[in-house]
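Here is a short briefing to read alongside the model.

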Amino acid sequence: MFKIGVSKKGLSPVIATVLLISLALVLALIIFIWARSVIKEKVEKFGETIESACDDVSFNAELESSGRVNINNLGNVPLYGIEVRKRGLGLVKNLGAGYFDNGLPKGAGKFDNGLPKGAGKSVDIELGNPSVGEEFIIVPILLGETDLYKKPYTCSEDFGKIAEVVA
Amino acid sequence: MILKKRGVSSVVATMLLIVLTIVSIAILASFTVPFVKKSLKSTDCFEFRSYFKFDNSFGYNCYNENNIQKSYLITLKADGSSTEQKPESLSLRFFKNTGVTVVNIKNGDTLPDMIMLDPSLGPSLIIPIAGGTYPLLSYNYTSNDLYNKVEVYPVLADNKVCDKSDSIKIIKCSN
């Protein structure tokens, strides 16, 4: 009679399970890191996309020849700031770039805690010696929220308001 | 009969399996990574699918005629939501009944037939950038040909021309 010795050595079920779980976790991590870089960050306001919030913005704007811009918020959406644009010969020039410089939008007016409904506030923006009657476009900036932090969002110019310079 | 049970130890076998796996992954990755990169490259233009739009708020996108020569006044608006990525240049295609003329506009370029409509911007051409200093700009293109349609295409840094952003029919200016 033949006696065949069968080796029963191998990975224990515990180690095999741990290995499989580790493999699954590593794969999930790799996919998560990749997906985060591919999928665009979603900015929200009041639980909806910030573009929708721009639609609800309502405000009055008045420009003084000194470069002061007076804003009165009429809507329910707090304004985080404004961007001033000027219409020229077949062009629109951004006077407030909206880029961040030391945490503040460079050249753009910023209201510290947002401008709530019914509140009025003034900001000084370099308008370059505007003359009375000259027209500027005031574009609202809202403070949106991502999963991790708050982020300013400049609404489309379609939601802006044309304001004339007064004496 | 007693079979010899000698062979590779389990530790060495495990090591061999791990090495084999790593080598296999490396070989597979050398094929798949360039393939995936190439595939993702084709999505570069996705952000700019409607980045440039012809804007009619100034009443341009028309031509003035002076004898044979025509001046095409074209207004373009950068309407992208992303301010992080921007196209390197843009390509305008002027269509006439018998063919197409392609005009590529890049920041800083000077072209003999194409100037900025606002002379205060200087002789160099500028492209509109969403969130930039000039989100909307107008151009004056001079030609003897009569074009009836213009299309705009974003161009990326690697000179890849994306799909058409917008098109507009060109008519004679009313003034």
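The link of C45(B) and C162(B) is left-handed, with -75 degrees about the S-S bond. C45(B) sits in the loop between α1 and β1 (52–54) of chain B and C162(B) in the loop between β8 (149–155) and β9 of chain B, so this pair ties together parts that are 117 residues apart in sequence. Please keep in mind that this is a predicted model. Over all chains, the structure holds three disulfides.

**Disulfides of chain B**

- The sulfur atoms of C45(B) and C162(B) are 2.1 Å apart, and both cysteines are buried.
- C62(B) and C173(B) form another disulfide, with 2.0 Å from S to S; this link is right-handed, at 90 degrees about the S-S bond.
- That pair connects distant parts of the chain, 111 residues apart: C62(B) belongs to strand β2 (residues 62–66) of chain B, and C173(B) to the segment after β10 (171–172) of chain B.
- C62(B) has 4% relative accessibility and therefore counts as buried; C173(B), at 10%, counts as buried too.
- With the bonded cysteines of chain B numbered in sequence order, the pairing reads 1-3, 2-4.

**Disulfide of chain A**

- C54(A) is joined to C155(A) by a disulfide, with 2.1 Å from S to S.
- The torsion about their S-S bond is about -80 degrees, so this disulfide is left-handed.
- The two cysteines are 101 residues apart, C54(A) in helix α2 (residues 50–55) of chain A and C155(A) in the loop between β12 (150–154) and β13 (161–166) of chain A.
- Both C54(A) and C155(A) are buried.

**The four-stranded open sheet of chain B**

- Its strands follow the order β5-β4-β8-β9 (chain B) and pair in the antiparallel sense.
- At the edges stand β5 (99–106) and β9 (166–169) of chain B; each has a single partner strand, so one side of each lacks a neighbour in the sheet.
- From one strand to the next, the twist averages 20 degrees.
- Strand β4 (residues 89–96) of chain B is joined to β5(B) by eight bridges, and S89(B) has K106(B) as its bridge partner.

**Strand β7 and its partners**

- Seven of the eight residues of β7 (residues 136–143) of chain B are buried, so the strand is largely enclosed by the rest of the structure.
- Eight bridges link β7(B) to the antiparallel strand β3 (residues 69–78) of chain B, where K77(B) is opposite L136(B).
- Strand β6 (residues 114–116) of chain B also pairs with β7(B), antiparallel and over three bridges; here I115(B) is opposite N140(B).

Key. Residues numbered from 1 in each chain as written. Chains lettered and ligands numbered in written order. Predicted model: local features only at pLDDT ≥ 70, side-chain atom pairs only at ≥ 80, totals over all residues. Heavy atoms only, no water. Pairing = 2+ DSSP bridges. Axes fitted to C-alpha atoms, helices over the stretch in contact; angles between N-to-C directions. Buried < 20%, exposed > 50% of the residue type's maximum accessible area, 1.4 Å probe, protein only. Disulfide = S-S within 2.5 Å.
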